[in-house]
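This note is meant for a colleague who is meeting the structure for the first time. Please read the numbered points with the sequence and the model open.

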Amino acid sequence: MLAEIKGLNEECGVFGVWGHPDSAQLTYYGLHSLQHRGQEGTGIVVSDGDKLRVVKGEGLVSEIFTADVMEKLKGTSAIGHVRYATAGGGGYENVQPLLFHSQTGSLALAHNGNLVNANYLKHQLETQGSIFQTSSDTEVLAHLIRRSGFSDIKDQVKNALSMLKGAYAYLILTENELMVALDPNGLRPLSLACLGDAYVVASETCAFDVIGAEYIRDIRPGELVVINKDGISSEQFAFNSTKSICTMEYVYFSRPDSNIQGINVHTARKNMGKRLAAEAPIEADVVTGVPDSSISAAIGYAEASGIPYEMGLIKNKYVGRTFIQPTQSLREQGVKMKLSAVRGVVEGKRVVMVDDSIVRGTTSRRIVNLLKEAGATEVHVVISSPPIKNPCFYGIDTSSKEELIASDKSVEEIRELIGADSLTFLSKEGMVGAIVNTEGTEGFCLGCFTGNYPTEIYPDTLQYYYQK
Ligand code: SF4
């Protein structure tokens, strides 16, 4: 459930439309379906071909975009963003899309991911005279675009992108163009669809389904797509691109009804459960999943093991994700409010409890406790990913290394701390094999599990993460 991660970095969602009279309304629906990727702030920038207008604020999509507000957002293209707090902190100024005006026109940016050389670039830009309005790494791209020296906006963007390192799925909107760029490792998901003659782009395909858009394809690592009145065009801005998509998108972050690179997230999770059953056969009476993100894996475990799946844990859906709550005390309150064990299901039973990850271990300990208090005679915890031992530098909010329970504890030590009768993690080969059914782990980022990251990590970024 990844519910106890400390909120110091971001996981966001982006959505864009080109060539539709209801572009803002479609973006509203798209962002609503991406709300699970960030609940702290949201914004939409719309273009009527002449001017860019922005509405944004801190809160949920349904809170910021009231009917009155939507009335003001008229235009045929739009980009939107849902945001989780960044390393630079929360606050209105960091809510995206960011909108910039210059003598040559306006430009709006929406970014999902995290740059690993943002501090380095910011320092360089500041010594050359730039002044930053936000503490977000996204603003760096706007400065690089305007300073590139090229006259054509596409060349400006390509030149700016070539200086960035890390994870980025960018939507860039000008008065008359929508540009879409994905980093050379394709760390974050980003897909393209059409809706009649209009084009739509989103972090997850579940956003297409909600507006009836037809999926075309995923954006390729190192690809820049430009959509304007002349149609759609694409080119590689990076040729040394190597796909390394984030495995945690499949394990936890994305919605089960989304497809990433043609693979359904629910199916991948279910396969993780099946692989777990093969790697960790357990004698038990019932299998239960920690809602919501572990239900698919629990179904897979039950199917493969022959142990019946039961709803042993119930989530109170009117409590926000503990994942977004910033303080430890709020998190502690939140877990109890959020989950209940079903006594009628678990009492007197040996329970297999499937969860997607263990970060600090505190949530796992509480859930094991809940099940035991409700009368479970044994609780066997099985985790559908390997131990998270390292921080993520690419826009996922993992704790600092010191706070990750697996960074310095063995599986047996963790089992003891969370009070489980047994504890098993899925192997990294099992996790990737569940997604793509291959032997190796190529094509995926496993940085937080292995410590081997697909990009260089700049010293100042490392220093920040290890000091936070
Ligand atoms: S380090 Fe982990 S969470 Fe971050 S992108 Fe890689 S797999 Fe995803």
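1. Over the ring of which residue does the charged end of K56 sit? The ring is that of Y92, and the charged end of K56 lies 5.4 Å from its centre. It should be kept in mind throughout that this is a predicted model. A further case of this kind involves K122, which lies over the face of F132 at 5.2 Å from the ring centre.

2. The ligand sits in the largest cavity. Two elements give two or more residues to the shell around the ligand, namely α8 (247-253) and α16 (447-450). The residues that surround the ligand are R188, C246, T247, M248, C392, Y394, I396, C445, G447 and C448. Sorted by class, this shell has 7 nonpolar residues, 2 polar residues and 1 charged residue.

3. Aromatic contacts form the next topic. The structure holds 8 aromatic pairs. A pair of aromatic rings is described by the distance of the centres and the angle of the planes. For Y168 and Y170, the ring centres are 5.3 Å apart and the planes stand at 35°, so the pair is classed as tilted. Y168 and Y170 are both buried.

4. A second pair is formed by Y394 and Y453. The ring centres of Y394 and Y453 are 6.2 Å apart and their planes are at 70°; the pair is therefore edge-to-face, given that angles over 60 degrees fall in that class. This pair links distant parts of the chain, 59 residues apart: Y394 belongs to the loop between β21 (378-383) and α14 (411-418), whereas Y453 belongs to the loop between α16 and α17 (459-467). Y394 and Y453 are both buried, and Y394 is also one of the residues that surround the ligand.

5. Which residues form one aromatic cluster? The members are Y28, Y29 and F65.

6. The backbone has some features to be checked by eye. Most residues other than glycine have a negative phi, and most peptide bonds are trans. Q96 and P97 are joined by a cis peptide bond, with omega about 0°. P97 is located in the loop between β4 (77-83) and β5 (98-102). Another cis peptide bond runs from P291 to D292, where omega is near -5°. D292 is placed in the loop between β17 (286-289) and α10 (295-305).

7. Q261 is not a glycine, yet its phi is positive, at about 50°. Q261 is found in the loop between β15 (259-260) and β16 (263-264). Is Q261 buried, partly exposed or exposed? Its relative accessibility is 28%, so Q261 counts as partly exposed.

8. G344 lies in helix α12 (residues 343-346) and counts as exposed because its relative accessibility is 73%. The C-alpha atom of G344 is separated by 8.4 Å from that of G312, and these residues are 32 residues apart along the chain. G395 is located in the loop between β21 and α14, and at 0% relative accessibility G395 counts as buried. Between the C-alpha atoms of G395 and A167 the separation is 7.2 Å, although G395 and A167 are 228 residues apart along the chain.

Key:
Residues are numbered from 1 along each chain as its sequence is written. This is a predicted model: local features need pLDDT of at least 70, side-chain atom pairs count only at pLDDT 80 or more; totals for chains, interfaces and linings use all residues. Side-chain values use heavy atoms; hydrogens and water are left out. A residue is near a molecule or strand if one of its heavy atoms lies within 4 Å of it. On a 1 Å grid over the protein atoms alone, a cavity is a set of points where a 1.4 Å probe fits but cannot get out, and a pocket is an open set with protein on both sides within 12 Å along at least five of seven lines; lining residues have an atom within 4 Å of a point. A molecule sits in a cavity or pocket if more than half of its atoms lie within 2 Å of its grid points. Helices (H or I, at least four residues) and strands (E, at least two) are DSSP runs, numbered from the N terminus. Ala, Val, Leu, Ile, Met, Phe, Trp, Tyr, Cys and Pro count as nonpolar, Asp, Glu, Lys and Arg as charged, and the others, Gly among them, as polar. Rings of Phe, Tyr and Trp (its six-membered ring) pair if their centres lie within 6.5 Å; planes under 30 degrees apart count as stacked, over 60 as edge-to-face and the rest as tilted. Buried means under 20% relative accessible area, exposed over 50%, partly exposed in between (1.4 Å probe, protein chains only). A charge sits over a ring if NZ of Lys or CZ of Arg is within 6 Å of the ring centre and within 35 degrees of the ring normal.
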